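User: I've got a chain open on my screen and I'd like to talk it through. Can you take my questions one at a time?

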Amino acid sequence: MKSWLWSSARLDVRKIALGAAALALVAGTASSAIAAEPLTFINLQHNPWTVVAKEKGIFKEEFDKVGIKEVNLIASGAAELSGAESAGLNRGSIAIAQRMLYPATAHRANGLDAVVVWVSEASNKYRTPLLARAENTEINSIADMEGKIYGSNRVGCSYTSVYEAFDAAGLPLDTKQRTGKIRYKGVENNGARNAALLSGAVDGLATHIGNNSGAALYLSGKVKIVGRTVENGVYENGAGRVSFFAMRDFAESYPDAVKAFLISYRRATAWIQANVDEASEIISKGTRVPIEIARFQIVDPSGYEFIAGDENADSVRKAIHDFQDWYIAHGDDVFTDRKLDDRQIAEFVDGKFFRGGKYSIYQ
């Protein structure tokens, strides 16, 4: 049974609903009882595009149509660990989370009962470059990482992008099952990863230079790009795609809310791309970063907040199959232990939000 902690008041209602459902021995799930409740507010992640959607009234217009009168943007703390969004979903502190497709799928493999409601087009070689300290004259390419220390979070693009790139260069990364040719050091926080690289605790780091933390690091001039992801590889075509995912109960109980969210995303990103200067000012103010960092995230090809979606659910399912199989074949210790089967992948990608689905934005 999942918890939906939309608010303390909502929790009280939930307890009443669950108790009534149990006493009446009504067929179906507790989420059916919850679905009867109107959803009057929604908590979403605080990020560049949601800041714009709220500031320009897009959220109000779209969520008003489905009876949701309040949209709250929840900012993660500076000390938040990578993967914390899965706990946020599971505990109900946010309704819909954004991560790349590999971590979203890994969360599902680790037991999170979530579904994917939107996935982007393929990634590109600019999104997650391998960085080294600018002053480090020993490392200027992927080949120079042999015997060096690579630092990243385990379930995220910092790991999955270079895992493929290192393997293609004949320099496999250390895993739990084997000793590779590049040492691996787990660092599960954005700020700590940047500090580890700059301090020399690690020699290399791949990160999204299109987000606040990565852009600040890259634009500091203290790092240099020494490697790229494999072009047309499994990371670009599958694992590195952006996804939105929600708990299954939520997607089943409130599909109109999910659709309103996706329409808001499409409208906001289109407006941002057409109004870069004003959008940069809104993002700078709303996310409290210098305006050059806000603008960089919009115009640089590494950006991933403002991109188009893959309309085809089966295409997304195939992408998951392909990258899962590749990572297993190359020693991935998440999917080797907990591989999703065909049925699980089919159910994980919620078809009603893709083309042809009842709640699709692609008409």
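User: Let's start with Asn232. Is Asn232 buried or exposed?

Analyst: This is a predicted model, so keep that in mind as we go. Asn232 has a relative accessible area of 61%. The cut-off for exposed is over 50%, so with its 61% Asn232 counts as exposed.

User: Where is Asn232 found, and what about its phi?

Analyst: Asn232 isn't a glycine, yet its phi is positive. You'll find Asn232 in the loop between strand E9 (223-227) and helix H10 (234-239). As for the phi value, that comes to about 60°.

User: Now Arg288: what is its phi, and is Arg288 buried or exposed?

Analyst: Arg288 is another non-glycine residue with a positive phi, at about 60°. It sits in the loop between H13 and helix H14 (291-299). With a relative accessible area of 79%, and exposed meaning over 50%, Arg288 is therefore exposed.

User: And Thr160, buried or exposed?

Analyst: Thr160 lies in helix H7, which covers residues 157-168. Its relative accessible area is 0%. Buried means under 20%, so Thr160 is buried.

User: Switching to the second largest pocket: which element gives the most to its lining?

Analyst: The lining is made up of His46, Val51, Glu55, Leu73, Glu281, Ile282, Lys285 and Gly286. Two elements give two or more residues to it, helix H3 (48-55) and helix H13 (276-287). The one that gives the most, with four residues, is H13.

User: Zooming out, what share of the chain's residues is buried?

Analyst: The chain has 16 helices and 10 strands. It exposes about 15200 Å², with carbon and sulfur atoms supplying 51% of that. Out of the 363 residues, the buried share is 54%.

User: Last one: of the contacts between residues at least 6 apart in sequence, what share joins residues at least 24 apart?

Analyst: Contact here means heavy atoms within 4.5 Å. Taking contacts in the chain between residues at least 6 apart, the share that joins residues at least 24 apart is 76%.

Conventions. Residues are numbered from 1 along each chain as its sequence is written. This is a predicted model: local features need pLDDT of at least 70, side-chain atom pairs count only at pLDDT 80 or more; totals for chains, interfaces and linings use all residues. Side-chain values use heavy atoms; hydrogens and water are left out. On a 1 Å grid over the protein atoms alone, a cavity is a set of points where a 1.4 Å probe fits but cannot get out, and a pocket is an open set with protein on both sides within 12 Å along at least five of seven lines; lining residues have an atom within 4 Å of a point. Buried means under 20% relative accessible area, exposed over 50%, partly exposed in between (1.4 Å probe, protein chains only). Accessible areas come from the Shrake-Rupley method with a 1.4 Å probe; for residues, only the protein chains shown count as cover.
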